[in-house]
Amino acid sequence: SEVAPPADFRGPSLSPNGDRVAVRLREANSDNLDLWVMDLVRGTSTRFTFDPKPDGNPAWSPDGSRIAWTATAGDSGAIAVKSASGMGQMQVLSRLSGGGAVLDWSRDGRYILYQLLTPTNGSDIFAVPASGEGPTEIVVSSPFRDIRARFSPDGRWIAYESDESGRSEVYVVP
């Protein structure tokens, strides 16, 4: 069945229980991309972000109560989190000095993975505490393009794509 009328939807992220989807939406006659949350049961859509710069890469917390995304904050990007209801202020967990993207939220709710473009390495992978407390951890830092990381269901492993061998391949790290 149809969830919404045709539009320029991008980067869908399904909620853990499958009743909602967060998407990037480019509205007609606009270059801006904002996040919207679509309720698949009720057939409604609610705008989630309202800033004049692009937002993207939504990732749901394991309990479906919060959404993390790549926000544009001032002249830089940021890893942001807000209640999935859309109520309240966004919390900035980490500033992004270069281009970056939220990738995944750990099943235990403790960490959010993201990739960050770096001038020396191309792209590296980091984990920031979802609580906003504690340091950002480097997961993968190499002179290669390390992207698209995901937590394993048990949270013990992180799989990511790298061009270390000269072609894109999947690597796994604890």
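Arg42 is exposed, at 67% relative accessibility, and its side chain meets that of Asp39 in a salt bridge of 2.9 Å, N to O. Asp39, by contrast, is buried, with a relative accessible area of 13%. The model is predicted; it holds seven salt bridges and three aromatic pairs.

**Further salt bridges**

- Asp34 is joined to Arg47 by a salt bridge whose closest N and O atoms are 2.4 Å apart.
- Asp34 belongs to strand S3 (residues 33–39) and Arg47 to strand S4, so this bridge ties together parts that are 13 residues apart in sequence.
- Asp34 is buried at 2% relative accessible area, whereas Arg47 is partly exposed at 26%.
- Arg167 and Glu169 also form a salt bridge, with 3.0 Å between the closest N and O atoms; Arg167 is exposed at 58% and Glu169 is partly exposed at 25%.

**Phe48 and its surroundings**

- The ring centres of Phe48 and Trp69 are 5.2 Å apart and the planes stand at 80°, so the pair is edge-to-face.
- Phe48 lies in the loop between strand S4 (44–47) and strand S5 (56–60), while Trp69 lies in strand S6 (residues 66–73), 21 residues apart.
- Both Phe48 and Trp69 are buried.
- Lys82 lies over the face of Phe48, 4.6 Å from the ring centre.

**The tyrosine pair**

- Tyr160 and Tyr171 have ring centres 5.7 Å apart and planes at 20°; the pair is therefore stacked.
- Tyr160 is in strand S14 (residues 158–162) and Tyr171 in strand S15 (residues 169–173), so the contact ties together parts 11 residues apart in sequence.
- Tyr160 is buried at 8% relative accessibility, whereas Tyr171 is partly exposed at 21%.

Technical notes:
Residues numbered from 1 in each chain as written. Predicted model: local features only at pLDDT ≥ 70, side-chain atom pairs only at ≥ 80, totals over all residues. Heavy atoms only, no water. Phe/Tyr/Trp six-rings, centres within 6.5 Å; stacked < 30°, edge-to-face > 60°. Helix = DSSP H or I, 4+ residues; strand = E, 2+ residues; numbered from the N terminus. Buried < 20%, exposed > 50% of the residue type's maximum accessible area, 1.4 Å probe, protein only. Lys NZ or Arg CZ within 6 Å of the ring centre and 35° of its normal. Salt bridge = Lys/Arg side-chain N within 4 Å of Asp/Glu carboxyl O.
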